[in-house]
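Subject: Structure handover

Hello,

Here is the structure I promised to pass on to you.

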Amino acid sequence: MSIQQSAGIRVPYQVVPTALPGAFISPAPPDDFDPDTASPAALIKHGFLWRRPQPGDDPVLRTAWERAFARRWRAEDRLVPEFEPQVGKTHQLKSATPEAGIDVNTNRWAGSVVPGTWTGVVGFWVIPTVTEPLQPQGTLGGWNSASWIGLDGAFDSDDVLQVGVEQAIDGNGSAHYTAWYAWYAPVQSDSPPYVYQTAIPNFAVNPGQTVYCSVQYVGDHAAGQVSFANEATGQHFSITLAPPPGATFSGSSAEWIMEAPDGGEPATSLPIFTPLTFTSAICCSPNGTTGNPSAGDTYNIVGFEKVLTSVTLGLDTVTIDYAGPLPAGPVCALSPDRSAVWQYDGSGASWTQIGGPAAEIYGGGYGLVATNPSTGDLWRYLGTPLEWELIGSPGATFVITSDTVVGLSPDRSAIWRYDGSGVSWTQIGSPAAAIVAVRPG
């Protein structure tokens, strides 16, 4: 155990030691405590490290504050978290990363990474649902993903403080959802257990629930703080951590990420996940300035020689879609008046509307796509009714293979192949009258 861990930490609010060395919890403030009216000193006393937004501050900061505290988080719902360190499970990117200002393909992270000097990051998101992909299991077994926010870990920083949810499918096909935090730093003999993913088994999280997280650096390299709340259950908690040996926590980056943990392929294989959107996503610096995802670099996950994610950045949002090949789905149909796309429910005469209107629909191993009747643009179905993403411009016709979409240009002068991310396509052939997909054998 390091000297700092054994001696405790110096922070300007009350903390209580836990059974896990270096980890402390904060008592709940009284139920009548109101962050909107409390003095700055009272906010700090109760572990609220945000500076309450003032006139002239970034409107996004005001929106995030109001959303976080629109609900009264009751003392009786303040959780005393249990900790289960999972030795070996990590979420770092790698020891050296590309410079700021470029988009990055990795086998680990997808999302927005904002360079700067940050001491806080916040975000809300709906926990995605995961299902088995076409790709094989990772060498660690099953398929795994993690949605999280964090500070550091990029631009040659090899420590990272993070909190989020693991969405995993085991080798038997069962899905598991786990809340966790970690403060990764290069492992040393006196490193605390939470340099690895540390599960919180008594904090229930399930797909479809909205969670709120914040990550803060406290004082001058004194400690780190992670806070977690589940809007569906009302449960919430805050943890203060002594820095692991070797952690510099320079704040050189803030992140909103969907990850293939443990270094990505081949150890981990990414599952199919429903669209993940971080909202009220903002980071803060020591001097009070703010940053947002639109100023970040776009990271995408590449595995099994395919781009598996597609990222869209907004002012205070990050949306990460699964862009890999999809298993063959159920029968779909376009209504006679082309006003709706329907999916067969699998029994009787029951169908569910999943989209529309559409000019044409095309389906196959990669999934379902449709053309917009007004513009001709091509859209891909994301697996949730009425959720589609734009992937391409008009074409004369399209075919769906096992791993992509192939299109014939409107004038039939060239054949194009979808690259798997955004609206990027590569020309693979010259003029043709028609194109078809042929199943081997």
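A word on terms before the residues: buried stands for under 20% relative accessible area, exposed for over 50%, and partly exposed for anything in between (1.4 Å probe, protein chains only). This is a predicted model, in which local features need pLDDT of at least 70 and side-chain atom pairs count only at pLDDT 80 or more, while totals for chains, interfaces and linings use all residues. Numbering runs from 1 along each chain as its sequence is written, and side-chain values use heavy atoms, with hydrogens and water left out.

Salt bridges

I'll begin with the charged pairs. The structure holds ten salt bridges (a side-chain nitrogen of Lys or Arg within 4 Å of a carboxyl oxygen of Asp or Glu). One of them joins D77 to R74, with 2.9 Å between the closest N and O atoms. D77 is buried, at 16% relative accessibility, and R74 is partly exposed at 38%. R74, E76 and D77 are also linked in a network of salt bridges.

Another salt bridge brings together the side chains of E166 and K89, at 3.5 Å from N to O. E166 sits in strand β9 (residues 160-169) and K89 in the loop between β3 (84-85) and β4 (104-106), so this pair ties together parts that are 77 residues apart in sequence. For the element names, helices (H or I, at least four residues) and strands (E, at least two) are DSSP runs, numbered from the N terminus. E166 is buried at 8% relative accessibility, and K89 is buried at 16%.

E360 and R338 also meet through their side chains, in a salt bridge of 3.7 Å, N to O. This pair links distant parts of the chain, 22 residues apart: E360 is in the loop between β25 and β26 (361-364), and R338 is in the loop between β23 (332-334) and β24 (341-344). E360 is partly exposed, with a relative accessible area of 36%, and R338 is partly exposed at 39%.

Cavities

A cavity here is a set of points, on a 1 Å grid over the protein atoms alone, where a 1.4 Å probe fits but cannot get out; lining residues have an atom within 4 Å of a point. Grid points are joined across faces, edges and corners, and a volume is the space filled by probe spheres set on the points.

The largest cavity has a volume of about 440 Å³. It is lined by 28 residues, of which F48, F69, W73, R78 and H236 are the closest to its centre. The elements giving two or more residues to this lining are α3 (59-69), β12 (210-218), β13 (223-230) and β14 (236-241). Of these, β13 gives the most, with four residues. By class, the lining has 14 nonpolar, nine polar and five charged residues. Ala, Val, Leu, Ile, Met, Phe, Trp, Tyr, Cys and Pro count as nonpolar, Asp, Glu, Lys and Arg as charged, and the others, Gly among them, as polar.

The second largest cavity has a volume of about 50 Å³. Its lining includes N107, A260, E265 and F304, and divides into six nonpolar, four polar and one charged residues.

I hope you enjoy looking through it.

Best wishes

Notes
1 Å grid on protein atoms, 1.4 Å probe; cavity = no way out; pocket = protein on both sides within 12 Å on 5 of 7 lines; lining within 4 Å.
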